[in-house]
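Welcome, and please get your viewer ready. This tour tells you what to select at each stop and what you will find there.

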Amino acid sequence: MDTDRKIALFYITKGGFELAQRLKGFYPRAEIVKFHAERVSAFWNKGKPLLFIMAAGIVVRAIASQAKDKRTDPAVVVLDEKGRFAISLLSGHIGGANALAKEVAEFLGGEAVITTASDVNNLPSVDLWAREHHLAIENWDALSAISTKLINTGALRVYSEILIDLPETFLEVSDPECADVLIAHKGRTNFSAHHAKEPLYLRPRNLVLGIGCNRGTDADEIESAVRAVMEAHNLAFSAIRSLATLDKKGDEPGLVAFAQTHDFKLETFTPAELNAVRGISKSEIVFRATGANAVSEPAALLASEADVLLVSKQKMGNVTVAVADMHPQKGKDSKIYVVGTGPGGIEHITPRAFRAIRAADVIIGYKTYLDLIPDLIEDKEVISFGMTQEVERGRRALEIASEGKSVAVISGGDPGVYGMAGLVLEVLKNSDSPSKPHVEVLPGVSALNACAARLGAPIMHDFAVISLSDRLTPWEAIRKRLEAASAADFVIALYNPKSKGRPEHIRRARAIILKHRKPETPVGIVRAATRETDRVIVTNLKELLDCEMDMQTTIIIGNSQTFVFDGYLVTPRGYLEKKGLARR
Ligand code: SAH
């Protein structure tokens, strides 16, 4: 799911246009298009999903002549003008129309209309599952019979040569002869008559080809050589993931064209990098021409991170080919999301953060915050830590990511405000692990925002945020900051104002602020903002110490301009004063 997608939103009526605009709020990169039947072809197969806000009949007529193949047709979703039903009309699985219809329905509070049999029966879709696991479908002809078998019998027998998590309805078998689905990079086997139907071949795209070639070798010759090597070693062409060669060959036209035709990544290495690979026999001719002892073998090993070759160097005319199997850990999409869940319950989480949590395999967090989002994580692997185990939380996240899983580290409020974001990045900086997972920080509503909103508008002007916890910051630093912020007339927000261990901090902070501000200066005290048990007190510096507060409280202290009105705390920005309109 991503809000980055460039959807084409077609509308006819005014209501349709308004709904399209609402959706654009969710998908900022969407394009709103006034519908004409002739316009649709210009958007077909441009890699964009198409969403039509109109009667389904109009859409069926407009796309009928365009629809060709479920592998290439775009997702088509039809939405009624009120946003009540999102119909997944075309390319439900590979095209992603089912997922889009569900996402749109969730956003609009409507219902997704899904008709694909696997979804209706709560079974995995074989093609989607394959794609999610980076498996290429080799024989599409077999797909529909296999999918029907899954729907009719409720299960499939799967033989796999790689370590892969199978859905419950896929029963792993050890004999390829009785499998409905084969996950392997070996070529097709001539099965005996046991097989009533042709099995479905799924190719893990994990073969890396090291390639060397003479200057001017054309793409056809390279492709023939590669196909011949693959066939001779009973390896599937569709299992190829990428190519690797010498840096100088990175722009060799034939090689570049071959890579582009098949969408293979082409990686290059310098002679020094290639020569550093041990145990490769040296070719004098290659060395004199390039400075590298050898090309295809070390390039395949470097790019795959494998220790041994699957196929050693094969020379076919102007081309040399070596094959290696991608190291299992390499290329996995492990990711660490550091997610802010806001100050309270689920309704204060941003949609983006919500989806990151849903996308993660493992959830890590502090128990108190996890307890606020039970529905969101009930089906996940959850690791909860105590209050002071932040470093352990960060380390564990890194460990899990290095196993190839994606993990969401949960922070209350905003993760970058006294939260987990800095910690995860620091742990990452200090780790020795060679593969660094990608870290994405997702913002949340901080306690500051939630408490300010509850009070009215106290931080309309420059403000300073200070934590009174001296667990990691010496009191002297806190004292200096309180002093400076008070003297400069900042509105001051105090996080971590008081705990059982140190009740005197708020008393000392008040004394410092009182050196620069009047005792009548308004103060707002908010506990558990946005939660059911929230509590708000509007008081002033003089009375502050008589009020109850704890570690779930944030205190906002006004500047010299802040006033109280009807229970609200307001720090004027100066709009009305400037025009002489302010009533004091
Ligand atoms: N990352 C969090 C802050 C963590 S520090 C954020 O951005 O909000 C913990 C402190 O946040 C608490 O001691 C308290 O001062 C404040 N806090 C967190 N949730 C709060 C809430 N719902 N209401 C008031 N203060 C809150």
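**First stop: a loop residue**

Select Asp 566, which sits in the loop between strand E28 (563-565) and strand E29 (568-570). Helices (H or I, at least four residues) and strands (E, at least two) are DSSP runs, numbered from the N terminus. Asp 566 has a phi near 55 degrees, a positive value in a residue other than glycine. Most residues other than glycine have a negative phi. With a relative accessibility of 67%, Asp 566 counts as exposed. On this tour, buried means under 20% relative accessible area, exposed over 50%, and partly exposed in between (1.4 Å probe, protein chains only).

Please keep in mind that this is a predicted model, in which local features need pLDDT of at least 70, side-chain atom pairs count only at pLDDT 80 or more, and totals for chains, interfaces and linings use all residues. Residues are numbered from 1 along each chain as its sequence is written, and side-chain values use heavy atoms, with hydrogens and water left out.

**Rings on either side of the loop**

Rings of Phe, Tyr and Trp (its six-membered ring) pair if their centres lie within 6.5 Å; planes under 30 degrees apart count as stacked, over 60 as edge-to-face and the rest as tilted. Phe 565 is partly exposed at 48% relative accessible area, and Tyr 568 is partly exposed at 42%.

**Another positive phi**

Move to Thr 530, in the loop between strand E25 (522-527) and strand E26 (535-540). Its phi is near 70 degrees, again a positive value in a residue other than glycine. Thr 530 counts as partly exposed, at 25% relative accessibility.

**Zoom out**

Show the whole protein as a cartoon. The C-alpha trace spans about 90 × 65 × 50 Å along its principal axes. Of the 584 residues, 47% are buried. Among contacts with a separation of 6 or more, 61% are between residues 24 or more positions apart; a contact means heavy atoms within 4.5 Å.

**A stacked pair**

How many aromatic pairs does a search of the whole structure find? There are 14. For one of them, select Phe 10 and Phe 52: this pair is stacked, 4.7 Å centre to centre with 10 degrees between the planes. Phe 10 belongs to strand E1 (residues 8-11) and Phe 52 to strand E3 (residues 50-53), 42 residues apart, so the pair links distant parts of the chain. Phe 10 is buried at 0% relative accessibility, and Phe 52 is buried at 0% as well.

**Helix H4**

Next, pick Asn 98 in helix H4 (residues 97-108). Is Asn 98 buried or exposed? At 4% relative accessibility, Asn 98 counts as buried. Leaving aside neighbours within four places in sequence, Asn 98 is in contact with Ser 88, Gly 92, His 93, Ile 114, Thr 116 and Asp 119.

**Helix H7, end on**

Select residues 143-153, helix H7, and colour its buried residues Leu 143, Ile 146 and Leu 150. Seen down the axis of H7, these buried residues fall within an arc of 75 degrees, so they line one face of the helix. The arc is that of the directions from the helix axis to the C-beta atoms. Partners packed against the buried residues of H7 include helix H6 (126-132) and strand E8 (156-160). Turn to the face away from the buried side to find the exposed residues Asn 152 and Thr 153. Gly 154 follows H7, with a positive phi near 80 degrees.

**Helix H20, last stop**

Finish with helix H20 (residues 504-514), where His 505, Ile 506, Ala 509, Arg 510, Ile 512 and Ile 513 are buried. They cover an arc of only 160 degrees around the axis, which puts them on the same side of H20. Helix H19 (475-487), strand E24 (491-495) and strand E27 (553-557) are among the elements that cover the buried residues of H20.
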